Amino acid sequence: MSLYEQWKNIAFEETDQEKVNQFWNEYCEIEKGFYESILGKKQDKITGTLKDLAKEYGVTNVYFVGFLDGINDSLVEAIELEGLNEDSEIDIQIDFEKLYFNMLAVKADWLYTLPQWEDIYTEEKRKEIKKEYNATKTVVKDDKIGRNDPCTCGSGKKYKKCCGK
C-alpha cells in the first residue's frame, strides 16, 4: 500500500466520529507546526527525500504525505502523490499567495492567522487576498428573461413561444 493510500485510509476512511475528531485535532496541530516553520523561515522551496523531510519536521512519512496532500493546490507545480515512497525526491515551490487564499477557502483560521504571515505579507496585502477570496463567494444572478423578450436561442420568436414553453 502506497504512503498516499495509507494517508487516505487514516484521514478519510474512519467512521467513528470520536476517532475522526481526535485525529483531525492532532493533525491540525502538526500541520500548524509545518506552517510555523515554513512561514517563519520564509521557505517557499522544499527539497529532499520524503523520509529526510519527514524526519526534519518530526513526523511519520505518512503524515508528511498528508502535509503534501494539503499543500499540493498551493504549489507552483502540483506533484503526483500516488507514486510517492520514502525515497522519493521532493522538490516543491510554494506560492504563498495561493497558500493564503487556499487557507481562507478551507476556513483554516488556525493557519491563516499565524503571526508568521506578518513577515511575509503586510496586513494590506492579506486584506487584498481576503477580498479576492470573498469575491469568489459572491453570487451574481443573471437577469431574468421576461415572457415577451426575444428568445435567447436566437430564433427571433418571443421566449414564451419558443424555449419558455
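Which residues touch the most other members of the largest nonpolar core?

## The nonpolar core

Trp7, Tyr35, Phe64, Phe67, Leu68, Phe96 and Trp117 touch the most other members of this core, which has 42 residues. A nonpolar core is a set of buried Ala, Val, Leu, Ile, Met, Phe, Trp, Tyr and Cys residues joined through side-chain atoms within 4.5 Å. At least two core residues each come from α1, α2, α3, α4, β2, α5 (96-105), α7 (117-120) and α8 (123-136). Helix α4 supplies the largest share, seven residues. In soluble globular proteins, nonpolar side chains tend to be buried together.

Leaving out residues up to four places away in sequence, tyrosine 35 touches Gly40, Phe67, Ile71, Leu99, Met103, Leu111 and Leu114. Contact here means heavy atoms within 4.5 Å.

## Basis of the model

The model is predicted, with local features needing pLDDT of at least 70 and side-chain atom pairs pLDDT 80 or more, while totals for chains, interfaces and linings use all residues. Numbering starts from 1 along each chain as its sequence is written, and side-chain values use heavy atoms, with hydrogens and water left out. Helices (H or I, at least four residues) and strands (E, at least two) are DSSP runs numbered from the N terminus.

## Helix α3

Helix α3 spans residues 50-57, and Leu50, Leu53, Ala54 and Tyr57 in it are buried. Seen down the axis of α3, these buried residues fall within an arc of 100 degrees, so they line one face of the helix. The arc is taken from the directions from the helix axis to the C-beta atoms. The cover over the buried residues of α3 includes α1 (3-12), α2 (17-40), β1 (45-49), α4 and β2 (89-93).

## Asparagine 61

Asparagine 61 lies in helix α4 (residues 61-71). Its relative accessible area is 18%, so asparagine 61 is buried; buried means under 20%, exposed over 50%, and partly exposed in between (1.4 Å probe, protein chains only).

Apart from neighbours within four places in sequence, asparagine 61 is in contact with Leu3, Leu50, Lys51, Ala54 and Glu86.

## Cysteines

The structure holds zero disulfides, a disulfide being a pair of cysteine sulfur atoms within 2.5 Å. For cysteine 162, the nearest cysteine sulfur is that of cysteine 153, 3.6 Å away. The sulfur of cysteine 163 is 3.5 Å from the closest cysteine sulfur, in cysteine 151, which is too far for a bond. Cysteine 163 is partly exposed, with a relative accessible area of 48%.
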